[in-house]
Amino acid sequence: MSEQLNVPTMEELMAQGKQPDILFWVGSAGSYDDRAKKITRAFVKILNKANVNFAVLGTEETCTGDVAKRAGNEFLFQMQAMMNIEVLNAYEVKRIVTCDPHSFNCLKNEYPSLGGKYDVLHHTQFIKELIETKKLDIKDGVFNGKRITFHDPCYLGRANSEYDAPRDVLATLNANLLEMKRSKSTALCCGAGGAQMFKDAEKGNKEINELRTEDALKTNPEIIATACPYCMTMMSDGVKVKEKESEITVLDIAELIAQSQGL
């Protein structure tokens, strides 16, 4: 039996004459990648628990065009972006929240010049907001004293200078937060950004994600926390390569918060 999640679409709400407070942009990874779908579900559970008035585009959502742009196909990017902007503007969307830093960066920084101006938040920023406004009460016992290290996604951290929100959210778990030597503005990429996820490895003696996983392992963590579906794939693969799966779990911040809430 599948759990019942309340996920209204913009189309359904508009038919009822209602406007949601936020649009949850699921993103391609969150829609199609089996591991990332778990992050999507965890975030929806948080939205439901906090009684957030939200909606998704559903079948009307298409790729932001981020990957096409990073791979150098500006024409395809603009086509994809214009299609999305047309839909978003028709629904008069004001606030967008996404679990994907690549979508976040694209919607926030690259859509405005094409006519798509929105208040765009990463899910860690929004969860922080829910905690600060007391819509989400973190009474944690699950992660007390657990050793957690956080890997900064490039497009959240270095590209948008958001280092505090994920850490502030993690701080509510009463865990033992450990910083890697390379963190915040000096953090190392997981190896998947900039469309690298979809191309063959280049010459060298080690994959980037293995190198980054080694950074994490030096903190002797029980949990590696991420805040990006790409980072989730790369860090999980890194942990597998290092044969540490039985000792270390890789979890998105949304999953950690959902678990702390017993969701």
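Let me begin with helix 8 (residues 164-171) and helix 11 (residues 253-260), whose axes come within 10 Å and cross at roughly 20°, the axes being lines fitted to C-alpha atoms over the stretch in contact, with angles from 0 to 180 degrees between N-to-C directions. Because angles under 35 degrees count as roughly parallel, the two helices are roughly parallel to each other. P166, V169 and L170 of helix 8 make the contact with I253, L256 and I257 of helix 11, where contact means heavy atoms within 4.5 Å. The residues of this contact divide into six nonpolar, no polar and no charged.

This is a predicted model, in which local features need pLDDT of at least 70 and side-chain atom pairs count only at pLDDT 80 or more, while totals for chains, interfaces and linings use all residues. Residues are numbered from 1 along each chain as its sequence is written, and side-chain values use heavy atoms, leaving out hydrogens and water.

Turning to charged pairs, a search of the whole structure finds 16 salt bridges, each a side-chain nitrogen of Lys or Arg within 4 Å of a carboxyl oxygen of Asp or Glu. One of them joins E129 and R95 at 2.9 Å, N to O; since E129 lies in helix 7 (residues 123-132) and R95 in strand 3 (residues 95-98), the pair ties together parts 34 residues apart in sequence.

R212 and D215, by contrast, both lie in helix 9 (residues 208-217), three residues apart, and their side chains meet at 3.0 Å, N to O. Both are buried, that is, under 20% relative accessible area with a 1.4 Å probe and protein chains only.

Conventions: Helix = DSSP H or I, 4+ residues; strand = E, 2+ residues; numbered from the N terminus. Parallel < 35°, antiparallel > 145°, perpendicular 65-115°, else oblique. Nonpolar A, V, L, I, M, F, W, Y, C, P; charged D, E, K, R; others polar. Buried < 20%, exposed > 50% of the residue type's maximum accessible area, 1.4 Å probe, protein only.
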